[in-house]
Amino acid sequence: MTATIETRQALTPPDSAERKMFVDGAWVDALSGETMETINPATGERLAVVPRGRREDIDLAVAAARRAFEGPWSRFKPADRQRLLLRIADLFEEHWDELSLSDTLDMGKPLTRARADKGRVAGMLRYYAGMATNLDGRTVDNSQPGEMFSYTRREPVGVVGAIIPWNAPIAASIWKIGPALATGCTIVLKPSEEAPLSPLLIAELMNRAGVPAGVVNVVTGSGTEAGAALAEHLDVDKIAFTGSTLTGQSILRASANNIKRVSLELGGKSPLIVCADADLDTAVPTVALAAFANSGQICIAGSRLLVDRSIHDEFVERLAAYASALKVGPGVDPDTEIGPLVSKRQLDKVVGFLDAGVEEGATVRAGGARIERGELAAGNFVAPTVFGDASDSMSIVREEIFGPVISALPFDSLDEAVKRANATPYGLAGGVFTRDVGTAHQLAARIRAGSVWVNTYHALDPAVPFGGFKMSGFGKEGGSEHLDEYLATKTVWVKLD
Ligand code: NAI
Ligand code: MG
């Protein structure tokens, strides 16, 4: 009996000084022996050091992933992969407190929010578990029936390189590892240098769940060293990337080396259209959440607020009041609604945009500055910011800020609103606020973006495809479309006579 009472063995604490990375089923240092540090953005203090993996470490990990793909992993039946994914989902739930704390300490997200993601992340893993036994090809009628039989097989694409950012390390890892395991691929994951700790904990859980050596590898390192080496690698079949559009472009160029498959979840500058008939009591908090959740460090952050001129002033006033009341603080504080920005670099970038907004003639209606009061001075805290008197040509309206900043822009007709909403190189997401069902569907159809939310924002579900248009990238995560990204279709012809 006693053996079954405490089966849960704690994961490595996030602040243990020296971490190793996970390659071919073993915990290893970088071959060079070099390390790099990761910082707690709420305090500016060093949290841990991780190996600084480089090209030679990526080579080892890719070779391990290739051996596993061709060896033991290829003998796992769909039902075996399903059982494994379900076991991983259970382990995630058991260790969720440790995982969510790791994200909070490493990248700043409020702990109450991180904890609330438990069901969603476990649900993602269980969704992929279900998909593992739902992969099928088809028989195809050809023009020589009776003589020729043709059918398709859907085969795993092979070794996947996953490169992820720091804004949602756990979810981003699972959005790559989940479909890889479901389809029978193997994977080398390169976390962001800003937030590598949760992906390392995830490697621990994969190991405990019984994922065979080489199937899931996590190599920590910088983007220009380990990341670029993975993107250029001749034996990687596909890169799944989430991050900035600029880096996405270099990944796409690198993919030409061996004509890799690529899926890109990139940046955005998502518009929110608030119509004159919107229910302001729900639209104001929803817009605030769209703009400020995760301190605006979300690819889908709603950062351009197009409001019907007849309600513009009232809306901006209410949004500014709401923003000013949001509690900014360290993620570990249970009252915190808005945490710090991930890094000093990100802080400088966002403050640069705040200054540029004022210089270009916008007026600060809420926030507008770094918060340096008391203990917050040591961290990267920025007040949720609402700009009024903005115009479409300002940098705060054109560029992805990746901070808690939204700019209000009045409009006079829906045609004008749509035109301005679409006047961006990005096309990741958009929001529509109206009580008119016809207007809702018309605007949803006319916004050129991969996801449109009506009277809500941020809704995500493993069964529902997500992914951008235009310079926000291509390839879907979520839904059966997601699995297609990890599968290659083979056609087989059989001569019957
Ligand atoms: P990034 O796109 O450079 O980093 C994302 C990942 O790519 C990291 O793991 C990084 O190590 C890796 N990487 C960087 N350069 C690479 C290269 N040449 N080859 C292969 N991998 C590479 O983003 P970063 O530097 O963390 O943030 C800069 C800005 O990018 C942010 O201020 C924000 O505006 C934007 N960003 C947007 C994201 C989104 O989801 N839309 C996510 C992260 C950043
Ligand atoms: Mg960090």
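Buried here means under 20% relative accessible area. The model described is a predicted one.

β10 pairs with strand β7 (residues 159–163) in the parallel sense, over 4 bridges. In that pairing Ile163 stands opposite Phe241 of β10. Strand β11 (residues 261–265) also runs parallel to β10, and 5 bridges join these two strands. Here Lys238 has Arg261 in β11 as its bridge partner. Between β10 and β11 the chain passes through helix α10 (residues 245–255), and this β-α-β crossover is right-handed.

**A three-stranded sheet**

An open sheet of 3 strands is ordered β5-β6-β22 and pairs in the antiparallel sense. Its edge strands, β5 (139–140) and β22 (487–495), each pair on one side only. Strand β6 (residues 148–156) is joined to β22 by 9 bridges, and Pro156 stands opposite Leu487 in β22.

| Strand pair | Sense | Bridges |
|---|---|---|
| β7 and β10 | parallel | 4 bridges |
| β10 and β11 | parallel | 5 bridges |
| β6 and β22 | antiparallel | 9 bridges |

**Nonpolar cores**

The largest nonpolar core has 120 residues, of which Phe92, Met206, Leu305 and Phe315 touch the most other members. At least three residues of this core come from each of domain 1 (2–266 + 472–493) and domain 2 (270–461). Leaving out residues up to four places away in sequence, Phe92 touches Leu99, Val121, Leu125, Ile170, Ile174, Ile202, Leu205 and Met206. Another core, of 26 residues, lies apart from the largest one; Val350, Phe387, Phe411 and Ala449 are among its members.

**The magnesium site**

The magnesium ion (ligand 2) is coordinated at 2.3 to 2.6 Å by Thr38 (OG1), Ile39 (O), Asp106 (O), Asp106 (OD) and Glu194 (O). Along the sequence, the spacing of the donor residues is T-I-x66-D-x87-E.

Glu194 has a relative accessible area of 21% and is partly exposed.

Conventions. Residues are numbered from 1 along each chain as its sequence is written. Chains are lettered from A and ligands numbered from 1 in the order in which they are written. This is a predicted model: local features need pLDDT of at least 70, side-chain atom pairs count only at pLDDT 80 or more; totals for chains, interfaces and linings use all residues. Side-chain values use heavy atoms; hydrogens and water are left out. Donors are N, O and S atoms within 2.8 Å of the metal (3.2 Å for Na, K and Ca); water is not among the atoms, so sites may look incomplete. Buried means under 20% relative accessible area, exposed over 50%, partly exposed in between (1.4 Å probe, protein chains only). Two strands pair if DSSP finds at least two bridges between them. A nonpolar core is a set of buried Ala, Val, Leu, Ile, Met, Phe, Trp, Tyr and Cys residues joined through side-chain atoms within 4.5 Å. Domain bounds come from an automatic or database domain assignment. Contact means heavy atoms within 4.5 Å. A crossover is right-handed if, with the strands pointing away from the viewer, the path from the first strand over the helix to the second runs clockwise.
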